[in-house]
Amino acid sequence: MTAREAERLAVYPGSFDPLTRGHDDIIRRGLKIVDRLIVAVAETATEEKAGMFGLEERVELIESVYEDEPRVEVTSFSGLLVDFARSRGARLIIRGLRAVSDFEYEFQMALMNRSLWPELEVIFMAPDNQHTFLSASLVREVGRLGGDVSRFVPPAVLERMVERFGPSAAGRAS
Ligand code: ADP
């Protein structure tokens with residue numbers, strides 16, 4: 001077996017609008033069990049709806065968060081996740097599970113994806129307790145309404161949210 005074949009490569013897909021400390025927790029846990037991780041930013045309807053950052057902006061922002069972590073690659077994708085994973089030779093998908101409420105949808109999706117590509121395996125990872133209530137949509141809402149999101153997102157994301165929503169996003173008076 002060549003070194004390339006032996007390498008464990010996984011895809012962590014999501015909309016990441018924006019990347020939260022919950023996502024970061026899963027990425028860092030994922031790096032303990034795989035050699036390389038592709039953070040795959042999905043082109044989703046959230047952009048037209050109550051989205052915050054555009055697709056390319058999300059990719060650049062996540063890249064800046066992991067600029068010192070060469071094992072993380074960030075890219076966008078459209079279409080079926082299994083097609084993307086297969087095109088990259090990645091048989092592993094990582095997903096985060098926050099609570100039972102995530103389970104049904106995640107389980108259904110895992111089985112659907114595996115029926116589309118039987119060689120696929122999906123790994124569910126639990127974040128640290130303190131991140132189980134965090135979701136990107138809540139962070140967007142709190143930021144938009146003038147709340148302090150500094151505890152919920154990595155510093156580079158916070159900086160961008162301050163540009164968008166003003167200093168209130170970092171808990172400072174305007
Ligand atoms: P969100 O659900 O926050 O909008 P995404 O759609 O980008 O995020 O989700 C990408 C993946 O990250 C999903 O598997 C989701 O369950 C997981 N995830 C999101 N937030 C957290 C968190 N706080 N802790 C653990 N996993 C999370």
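**Local features of the predicted model**

Asn113 counts as buried, because its relative accessibility is 11% and the cut-off for burial is under 20%. This residue is found in helix α5, which comprises residues 100–116. When neighbours within four places in sequence are left aside, Asn113 is in contact with Leu81, Val82 and Leu120. The model examined here is a predicted one.

The loop between β1 and α2 holds Phe16 and also Pro18. Phe16 is buried, with a relative accessible area of 2%. The backbone of Phe16 has a phi near 45°, which is a positive value in a residue other than glycine.

Helix α2 spans residues 21–33. Its N-terminal end is capped by Thr20, a side-chain oxygen of which lies 3.1 Å from the backbone nitrogen of Gly22. Buried residues of α2 are Gly22, His23, Asp24, Asp25, Ile26, Ile27, Gly30 and Leu31. An α-helix has 3.6 residues a turn, so residues three or four places apart point the same way. The cover over the buried residues of α2 includes the strands β1 (9–14), β2 (36–42), β3 (72–77), β4 (92–96) and β5 (121–125), together with helix α6 (136–144).

Strand β3, one of the elements that cover α2, contains Thr75. Along the chain, Thr75 and Gly30 are 45 residues apart, and their C-alpha atoms are separated by 17 Å. Residues up to four places away in sequence not being counted, Thr75 touches Ile38, Val39, Ala40, Val41, Val59, Phe84 and Arg88.

A further contact joins two helices, α3 (residues 55–65) and α7 (residues 155–165), whose axes come within 9 Å and cross at roughly 140°. Helix α3 is therefore oblique to α7, since an angle has to be over 145 degrees to count as roughly antiparallel. On the side of α3, the contact is made by Glu57, Leu61, Ser64 and Val65. Helix α7 contributes Ala156, Val157, Arg160 and Arg164. By class, the residues in this contact of α3 with α7 are four nonpolar, one polar and three charged.

Terms used. Residues are numbered from 1 along each chain as its sequence is written. This is a predicted model: local features need pLDDT of at least 70, side-chain atom pairs count only at pLDDT 80 or more; totals for chains, interfaces and linings use all residues. Side-chain values use heavy atoms; hydrogens and water are left out. Helices (H or I, at least four residues) and strands (E, at least two) are DSSP runs, numbered from the N terminus. The expected span of a helix is 1.5 Å times one less than its number of residues. Buried means under 20% relative accessible area, exposed over 50%, partly exposed in between (1.4 Å probe, protein chains only). Contact means heavy atoms within 4.5 Å. A polar contact is a pair of N or O atoms within 3.5 Å; within protein, one must be able to donate a hydrogen and the other to accept it, and residues adjacent in sequence count only if both atoms are side-chain atoms. Axes are lines fitted to C-alpha atoms, for helices over the stretch in contact, and angles run from 0 to 180 degrees between N-to-C directions. Angles under 35 degrees count as roughly parallel, over 145 as roughly antiparallel, 65 to 115 as roughly perpendicular and the rest as oblique. Ala, Val, Leu, Ile, Met, Phe, Trp, Tyr, Cys and Pro count as nonpolar, Asp, Glu, Lys and Arg as charged, and the others, Gly among them, as polar.
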